[in-house]
Amino acid sequence: MGDAHDSSRGRDDKAKGGGWKREEAGEGVARGQPRDASRATHKDGDTDSPPLPSAALSCRFAECCREEQRLNASALKLELEEKLFGQHLATEVILKALTGFKNNKNPKKPLTLSLHGWAGTGKNFVSQIVAENLHSKGLKSNFVHLFVSTLHFPHEQHIKLYQDQLQGWIRGNVSACASSVFIFDEMDKLHPGVIDAIKPFLDYYEQVDGVSYRKAIFMFLSNAGGDLITKTALDFWRAGRKREDIQLKDLEPVLSVGVFNNKHSGLWRSGLIDRNLIDYFIPFLPLEYRHVKMCVRAEMRARGSAVDEDIVTRVAEEMTFFPKGEKIYSDKGCKTVQSRLDFH
Ligand SMILES: Nc1ncnc2c1ncn2[C@@H]1O[C@H](COP(=O)(O)OP(=O)(O)OP(=O)(O)O)[C@@H](O)[C@H]1O
């Protein structure tokens, strides 16, 4: 399972990269207005009706919240199919969920996706792709907010404070941009109950205190349920069935019940599950040797190097695989591929 150390590199980068706007939002919220709004972020609204020339001009210099912007579903599909390896269920569900949600002019609630799986299987990677397809600056956008449990909600004794802050940050940021995206990483390390503070925002209310949350998107990322997913994947493998034959119905119900009953899931006995406020539980399957190789090749290409199959094999063979007997799945997924490649 992923631990904070394993993932610190990527997360630090993301936090520094501006995905997290805790202080800014926090300050703003204290004054009833998040920094994002005070920076006069322009809402140019419906792309069907082009923004006024002056607004269009200002959008060149400041990021605009394009609430009604359509999702380019084929671009997202292509990107997921090309870049995300071994995750046929995640690719399918994310695509369907986002397309349906963004095509609906009057969603009845915000979209909530709960991504589950072993370390290094692509949950953060996917949220980055999703963020970029919704707001072009991705994690650096003023409208995409990344919360990391161990970084931003570390102390159990401050649960009440975190709940108040969360409500304030989310209210402030959604007031500034209705189509804000909130990503909660390390849900399994979140103290039980913290997340329930945002339950009213995820529910079917038209407005809460004058703010509508219906166009926002919430993504929860968690290692919880990784064991259940692996068990199912292994059962298929041992029965000689193809990994691609695993269907959402084989995993989603097990996952929602498993996470609800798991004290260390961040969603333990959570009202979000109880009230059916999570739209999709999305399983990320453990990655096999061949997927690790694909990750190495992708990383080489990203670095502008020619793909050297000898190095690909060496890096993949340095990874450790489980279960002990069969050694099928990489225990860190593709997570350490980048750093290992540095040695070759
Ligand atoms: N399925 C995948 N397809 C392509 N690349 C992947 C995949 N999984 C992981 N990677 C690569 O490995 C890196 C680390 O993965 P990522 O941070 O998304 O894992 P994670 O599932 O979020 O792990 P954790 O649960 O530990 O946070 C990604 O940035 C990406 O380069």
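## The second largest pocket

Eighteen residues line the second largest pocket, and those nearest its centre are Cys64, Arg66, Leu134, His135 and Ser136. A pocket here is an open set of points on a 1 Å grid over the protein atoms alone, with protein on both sides within 12 Å along at least five of seven lines, and lining residues have an atom within 4 Å of a point. This pocket has a volume of about 270 Å³; a volume is the space filled by probe spheres set on the points, which are joined across faces, edges and corners.

Helix H7 (residues 123-134) gives the largest share of the lining, three residues. Seven lining residues are nonpolar, five polar and six charged. In this scheme Ala, Val, Leu, Ile, Met, Phe, Trp, Tyr, Cys and Pro are nonpolar, Asp, Glu, Lys and Arg are charged, and the others, Gly among them, are polar.

## Basis of the model

The model is predicted: local features need pLDDT of at least 70, side-chain atom pairs count only at pLDDT 80 or more, and totals for chains, interfaces and linings use all residues. Residues are numbered from 1 along each chain as its sequence is written, and side-chain values use heavy atoms, with hydrogens and water left out.

## The chain as a whole

The protein chain has 16 helices and seven strands; both are DSSP runs numbered from the N terminus, helices being H or I with at least four residues and strands E with at least two. Of its 344 residues, 51% are buried, where buried means under 20% relative accessible area, exposed over 50% and partly exposed in between (1.4 Å probe, protein chains only).

The accessible surface of the chain is about 16100 Å², and carbon and sulfur atoms hold 50% of it. Such areas come from the Shrake-Rupley method with a 1.4 Å probe, and for residues only the protein chains shown count as cover. Among contacts (heavy atoms within 4.5 Å) with a separation of 6 or more, 75% join residues 24 or more positions apart.

## Cavities

There are two cavities of 30 Å³ or more; a cavity is a set of grid points where a 1.4 Å probe fits but cannot get out.

## Annotated regions

An unreviewed UniProt entry gives the annotation "binding site" to Gly117, Trp118, Ala119, Gly120, Thr121, Gly122, Lys123 and Asn124. UniProt positions are given in the numbering used here, feature names are shortened, and annotations may be inferred rather than shown by experiment. Thr121 lies in the loop between strand S1 (111-117) and H7, and it counts as buried because its relative accessibility is 4%. Beyond four places in sequence, Thr121 contacts Leu84, Gln87, Phe284, Leu285, Pro286 and Leu287. Gly122 lies in the loop between S1 and H7 and, at 12% relative accessibility, is buried. Leu84 and Phe284 touch Gly122, residues up to four places away not being counted.

The unreviewed entry in UniProt also lists residues 287-343 as "domain: Torsin-1A C-terminal". This span is 51% helix and 7% strand, and its end C-alpha atoms lie 22 Å apart.

## A residue in helix H11

Thr232 is part of helix H11 (residues 226-238). With 13% relative accessibility, Thr232 is buried. Apart from neighbours within four places in sequence, Thr232 is in contact with Ile246, Asp250 and Leu251.
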